[in-house]
2 protein chains.
Amino acid sequence: MEKPALPEHEILDLLKRRWSPRAFSDKPVPEPILSRMFEAARWAASSYNEQPWTYILGVKAEDTAEFDRIASTLYPPNAWAKSAPVIALSVAKLKFSHDGSPNRVAIHDVGAASASLTLQALAEDVFVHQMGGFDPKKAKELFGIPDDYEAVAALAIGYPGDPEELPEALKAREEAPRTRKKIEEFVFRGKWGGGRF
Amino acid sequence: MEKPALPEHEILDLLKRRWSPRAFSDKPVPEPILSRMFEAARWAASSYNEQPWTYILGVKAEDTAEFDRIASTLYPPNAWAKSAPVIALSVAKLKFSHDGSPNRVAIHDVGAASASLTLQALAEDVFVHQMGGFDPKKAKELFGIPDDYEAVAALAIGYPGDPEELPEALKAREEAPRTRKKIEEFVFRGKWGGGRF
């Protein structure tokens, strides 16, 4: 299933196609595609070229225990993500390596890296659904994530599946139309809330 | 000037071409391109579809005072950004609209929206250089950014310029090779630092 954006201004096909499915096929994601996804993350922009992103990766077909350990950090409403063939956690390093000072934009730059990863995946028909709904403290304990690092998001990765296989409530959400604020609600000129784009 | 990534695994051309120049041409960015850039941001993924991003936009050719006000928040090492024809600030809403609870991933999702914006721009040969080096408190005062919101990054936007016009130190940085960690330094299996990708 695809669920393209309905933009008011024409944008790249890849950006239109990106969405966050809950129904995943159990078809494995070939390792070369995963490599290209992380390569895409690798070249993202970051403050001071800090590259504050780390990913903890679980591939169901290769190591179910590893996959399950990551999946065990998900909050119950995200249990659907266990049907994806690949799951990952993104982690941010909260301090700069060059001087140990706080990196105010570490989590921002992880967001940019994961966005690149997601678009690279999509170019190969692999979808990524990111979730804030997992337990970062549990992740920290389970994987020995050091102090000064924070688990940021969980990523379900795979080929789209059949929405019919989802529980009824999720199926309805899967099929609901996509909605967004209008541009003039989030682009301001001169002052907050002021001026139209 | 272009300065493509040198990936070990092949990635999308657009992701390879993305980089953060300091030399900008003074050629204005047509408004339809700016519209498509914000449209791209609009369709980014966000936790609870909160869309926590706001942009404060200054277009030099339309309103120099507005542009200068944004530029006045930049820290001195980013003074080069004043040569770009367009400048913006990205702002994150730190609490969820549906229940007022803290949105742990607000800044992350702003990073994703700005990454989409950057790639849409690049598809039209417009480059975006994001900077953490500006004064978020000053931005808050100058633009009346409400509590619960935080200015995250400054964005210089425009067509690439001539590196020869940069001060010597910046010219050297502009021409230095691009570097990144290796994938195995930031993708872990099983536990922190453990296993190779």
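Predicted model: local features only at pLDDT ≥ 70, side-chain atom pairs only at ≥ 80, totals over all residues.
**Notebook: strands, core and the A–B contact**

I began with E1(A), which pairs with strand E2 (residues 86–93) of chain A in the antiparallel sense over seven bridges. For me, two strands pair if DSSP finds at least two bridges between them. Helices (H or I, at least four residues) and strands (E, at least two) are DSSP runs, numbered from the N terminus.

Residues are numbered from 1 along each chain as its sequence is written, while chains are lettered from A and ligands numbered from 1 in the order in which they are written.

Opposite Ile87(A) of E2(A) I found Gly58(A). E1(A) is mostly covered, with six of its seven residues buried. Buried here is 20 or more other C-beta atoms within 10 Å of a residue's own, exposed is 12 or fewer, and partly exposed is in between, with C-beta atoms placed from the backbone. E1(A) also pairs with strand E5 (residues 187–189) of chain B, parallel this time, over three bridges. There Ile56(A) stands opposite Phe188(B).

I checked E5(A) against E1(B): parallel, three bridges. Phe188(A) has Ile56(B) as its bridge partner.

**Symmetry.** A rotation of 180 degrees with 0.0 Å of shift along its axis puts chain A on chain B, RMSD 0.0 Å. That is the relation of a two-fold axis. The superposition is by least squares on the C-alpha atoms of residues with pLDDT of at least 70 in both copies.

**The contact.** I get 59 residues from chain A and 59 residues from chain B, taking contact as C-beta atoms, placed from the backbone, within 7 Å. H4(A) gives the most to chain A's side, eleven residues.

**Core.** The largest nonpolar core has 120 residues, and Ile87(A), Ile157(A), Ile87(B) and Ile157(B) have the most contacts inside it. A core is a set of buried Ala, Val, Leu, Ile, Met, Phe, Trp, Tyr and Cys residues joined through C-beta atoms within 7 Å. Leaving out residues up to four places away in sequence, Ile87(A) touches several residues, including Gly58(A), Phe67(A), Ile70(A) and Ile157(A).

**H3(B).** Last, I looked at helix H3 (residues 64–71) of chain B, where Phe67(B), Ile70(B) and Ala71(B) are buried. The cover over the buried residues of H3(B) includes strands E1 (53–59) and E2 (86–93) of chain B.

Technical notes:
Contact = placed C-beta atoms within 7 Å.
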